[in-house]
Amino acid sequence: MSTPEKSFWDKAQTLDRRVLYAVLIVLTATSLFFKTEIPVNPDDSSKDLYVSLMTIDPSKTVLIESDWTNSTRGESAGHFEALMRILMFRKVKFVVYSIADAQAPQVARDALMRIQEERKGQGLKEYEPWVDYLDIGYFPNAEGHLQAVGNNIRTAWGGRKERDDTGKERGIFESPVLSNVRVVGDAGLVVVVSASATIDIAVERLYGKVPLAFMVTGVMGPNALPYYQAGQIVGIGVGLKGVYDVEYMMKYGVNYRPDGATKAKVLYKEDSVVVAPVTEGTTMDRGARYFLPLHVALTLMILAIIFGNVAMFASRRKKKEAK
Amino acid sequence: MKFLTQLAQLPPEYNPFWAKEPGNDALLWIFLTIGVGIVGMLLLTRVPTRARRPIVWTFTFLSGAFYVIYYLWPMPIDRDAREIPQGFVEQGGFFMKDALPRVADIANVLTFLLLCLGIFSLTKIHSARVVKKQKDWFFSVVLLVAMVVMVIVGYWDYILKEFNDPNALLTKAENWGTVNYAYDLLFDGLIQQMDAAMFSMIAFFILSAAFRAFRIRSVEATVMMASAILLMISLMGAVDYQWSELIKGWTGDDPAHMLNNLNLSQISGWVKNYLQIPSIRALEFGVGLGALAMGLRIWLGLERGGVSV
């Protein structure tokens, strides 16, 4: 007995996965070569994040919890770099620390150096360690550590030393960056750039003591959004869309109308809030480079789902007709 | 209690052993801590089996009790460093607040000892595998060599940058030596790139799964697929923007027009705010209750797995 010949739709359903892989590689890799500016409506959470970052009192230090590694660099590196550019533009001092992954400080250090090199190339002022920022490394025991920071930041970080601008090792609270921080609430903002559940710990241990903002991966977004909805964090950038949103607002501002423009590119919930764009250095970078590949990958995914289902229904119909 | 309050409030010039300056006796204390930790662990292995459970439970209970009391005890707010506590409750609050970083330090030391234990265990198991030439022993060689090389190069690089570079010249790549390049190659060139490569592979599996498994076979699957596609489209800024421009054209840019509800960001926002977030909140609430119950069982020694030895 001969086996019935497979229809096109039957074959489509058993398509070799390597074909899918090849299509994905070719299309996303090709689209990476095009750095495009795509007009968007930034999410409300991204707008709140940008407005918070652009309106922090520059005399206050920002604490950055950098808990990402290169496994999520597609999203987190863009978040971190945009954050660095905004803070350096606004001349806000900052401290970078990590609590989730021992690799994270080095990854953050590398990203910071990239931004420093970029600014140097653009003739902008480089941030000086000790004077403008502190990189205080990794603290194990995330839960206990953040509780200690919330309790008394001076004792929690009291043992850390860094080299001052003369090369002498001194306690970090002698640095101009932290000299004005007596309790954690003296910081302007704690920004958690994370790809892990440390966002939960940050809310549990620091909420109510200091304003919190998150820059998280798309995977962590749903976990973090309840905190935003509840008003426990001032803003949040989620995934690659979040990176692009922030970069887009860095370029066009919020409720901001340049001379001659009748309407702002990005509108905010409060008309009275006008936030200018970032007017020095790079604004659209990693988000703009990866946003088109994201479109391509998502389109491919949607087409794959539709094609798979069409193939299934067509194949069923063929079989019914054959009977 | 008064003594403990005073102890916790020792000014820095007393230089207690937990605040030793690096370069003085810090190394001595580090090695002493390691020594005490190792002796403690060895002693624990000599303890009769029947006594192990009460010992483990006692330490678990005391550790948990500190945080429980810390949570419940009234704590000083905006306290001045020179303030002297009055009365039992205030003394307790001051003591707890001052002792918290020390307890966190103890947890850090324990984490370090656990790391040592992990390295010891890994070395023991994989060395035995190599010596006995068990199946895939070559991978054990790779693991051991990678671990040793990374530790040596990592520490060497750290010592060079931390102790032999007072002018911070090594922060710039042009001043690097062989060891710094080796560390950069191992960390940024290998570990980080492999990390990224492993994670990016998920994209292939997701696409393959989307094509093969995401099928409309039931009402639930249909609802799930519709919301997934909607959220994916809303992530595509170009589509969302063009669609919203189209709607603006229909509504004449009137923000009160009913058709504004058809904006993709509005729909996906509604799905997120009214379906996704409440579901996650409910899930987290359940997980939280479970964690609380499990924590209580372990703390009170009711969970056999928590304190079994």
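Leaving aside its neighbours within four places in sequence, which residues is D164(A) in contact with? The legends below take up this question and others, and they describe a predicted model.

**View 1. D164(A) sits in a loop between two strands of chain A.** Once the neighbours within four places in sequence are set aside, the residues in contact with D164(A) are W130(A) and R170(A). D164(A) counts as buried because its relative accessibility is 7%, where the cut-off for a buried residue is under 20%.

**View 2. G281(A) lies in a loop between two helices of chain A.** With a relative accessibility of 41%, G281(A) counts as partly exposed. Although G281(A) and E118(A) are 163 residues apart in sequence, their C-alpha atoms are 8.1 Å apart in space. Apart from its neighbours within four places in sequence, G281(A) is in contact with Q122(A) and L124(A).

**View 3. Chain A is divided into two parts, domain 1 and domain 2.** Domain 1 is made up of residues 1-37 together with residues 284-323, while domain 2 runs from residue 42 to residue 283. The contact between them takes ten residues from domain 1 of chain A and 18 residues from domain 2 of chain A. Taken over C-alpha atoms, the centres of the two domains of chain A are separated by 38 Å.

**View 4. Helix 5 of chain B, residues 137-163, is shown with the helices it packs against.** This helix has 27 residues, and the distance from its first C-alpha to its last is 39 Å, close to the 39 Å expected at 1.5 Å a residue. Its buried residues are S140(B), L144(B), V153(B), G154(B) and D157(B). These buried residues pack against helix 4, residues 87-131, and helix 6, residues 178-213, of chain B. In an α-helix there are 3.6 residues a turn, so residues three or four places apart point the same way.

**View 5. Chain A as a whole has eleven helices and eight strands.** Its C-alpha trace spans about 85 × 55 × 40 Å along the principal axes, and 56% of its 323 residues count as buried. Among the contacts in chain A with a separation of 6 or more, 72% are accounted for by residues 24 or more positions apart.

Note on methods: Residues are numbered from 1 along each chain as its sequence is written. Chains are lettered from A and ligands numbered from 1 in the order in which they are written. This is a predicted model: local features need pLDDT of at least 70, side-chain atom pairs count only at pLDDT 80 or more; totals for chains, interfaces and linings use all residues. Side-chain values use heavy atoms; hydrogens and water are left out. Helices (H or I, at least four residues) and strands (E, at least two) are DSSP runs, numbered from the N terminus. Buried means under 20% relative accessible area, exposed over 50%, partly exposed in between (1.4 Å probe, protein chains only). Contact means heavy atoms within 4.5 Å. The expected span of a helix is 1.5 Å times one less than its number of residues. Domain bounds come from an automatic or database domain assignment.
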